[in-house]
Amino acid sequence: MKRMWDLGLILSSILLLHCWSRFCCAMLDPVDFLALQSIRKSLEDMPGSNYFSSWDFTSDPCNFAGVYCEGERVVALNLGDPRAGAPGLSGRLHPSIGKLTALAEFTVVPGRIMGALPETLSQLKNLRFLAVSRNFIFHEIPATLGELRRLRTLDLSYNQLTGGIPWSIGNLPALTNLILCHNHLSGSVPPFVSRTLTRLDLKHNDLSGSIGPYSLPPSLHYLSLSWNRFSGRVDLILPRLNRLNYLDLSLNRFTGPIPGCVFGFPITNLQLDRNQFSGPVQPRSSVTIQTVDLSHNMLYGQVSPHLATVQNLYLNNNRFTGSVPRIFVDRLLAGSIRLLYLQHNFLTGMPIKPRSRIPLSSSLCLQYNCMVPPVQSPCPISAGTQKTRPTSQCNEWKGKNR
């Protein structure tokens, strides 16, 4: 193999000298030249793509589409037409990618590239940006990616990756964005040492276990863990993450109370639905988040009036009791509340007159509580057909019937 590689270098050098004598190409490093040839041979344009039409190795490779050079080295490689909706590439990523040791950026557009990520990626010690998303990459994430100490962005989303997230990924000191969503990853999440991590997107995997109180850095702005099997409490984790502007923990198995400070985060959408959260919901002040979804949990107590400032509020399928505060009625009739789902709780009243006109732009559902709904309003199909809970499930009704 070494003799074949040496022969390739000699032939590449002869071709480069030939091109130089004709002033048709620059003096690209022979190793980089040969690596680009191997990469090209392992990939093809999908129907409708002509990305490789400029890859003519009798001309200057630094003028190839997606190839960027500094001096005689390739410093960025973007494989495929970057325009939205453009057909991608098919084939496999050749291990010779590891020969481009000056590479700082490597991306692959969405397509049908299959196979495992080359272990040789760990040789790219200058790499800062690695994005191979929306393809058919399978097998496990190489633990050797943890050797890329300058790596800032790692995006392997929308692939077929299996296995766990290597603990070495959590040890990357400069990591800013980690996007591994829509794969088949399992196991627990490593703690992260980076103090600059701002985006962590792990949704739609099969990850599990609890998350340590100090596993996630307070630098996070975006956190999505939805559609996994995470468990444990988050009331010691979330108060440290007060810079979040996006938070989605839905469809997991988190338990314990929801800390009141979360409702003061500078976010527009709070999704904590379909977990096992319990306890009362107690925001510290009026909530300015546009959409709050706490549905399908085990939350109880009275509905806080501080939630009346939310435009879209999902409290359904919990264990809330008591009467809905009057401020909810006022804001609903004024059109300030667009959606108020309170179905499938144990609520005993809502001070709204039967003839009240709810704006067409607003939705209210009171079905299946410990009261006869005072107004008739359309509910989602998932609410079922029963208007009220059985008397046996409602303590206050029991008392009235004695």
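1. Salt bridges: a search of the whole structure finds nine of them. A salt bridge here is a side-chain nitrogen of Lys or Arg within 4 Å of a carboxyl oxygen of Asp or Glu. Side chains of opposite charge can pair when their charged atoms come close. The model is predicted: local features need pLDDT of at least 70, side-chain atom pairs count only at pLDDT 80 or more, and totals for chains, interfaces and linings use all residues. Residues are numbered from 1 along each chain as its sequence is written, and side-chain values use heavy atoms, with hydrogens and water left out.

2. Asp32 and Arg73 form a salt bridge with an N to O distance of 3.0 Å. Asp32 sits in helix α2 (residues 30–41) and Arg73 in strand β3 (residues 73–79), so the pair links distant parts of the chain, 41 residues apart. Helices (H or I, at least four residues) and strands (E, at least two) are DSSP runs, numbered from the N terminus. Asp32 is buried at 0% relative accessibility, while Arg73 is partly exposed at 21%. Buried means under 20% relative accessible area, exposed over 50%, and partly exposed in between (1.4 Å probe, protein chains only).

3. Arg83 and Asp81 also meet in a salt bridge, at 2.6 Å from N to O. Arg83 is exposed at 59%; Asp81 is buried at 16%.

4. The side chains of Asp206 and Arg229 pair at 2.8 Å, N to O. Asp206 is partly exposed at 34%, and Arg229 is partly exposed at 32%.

5. Salt bridges also link Arg199, Asp201 and Lys203 in a network.
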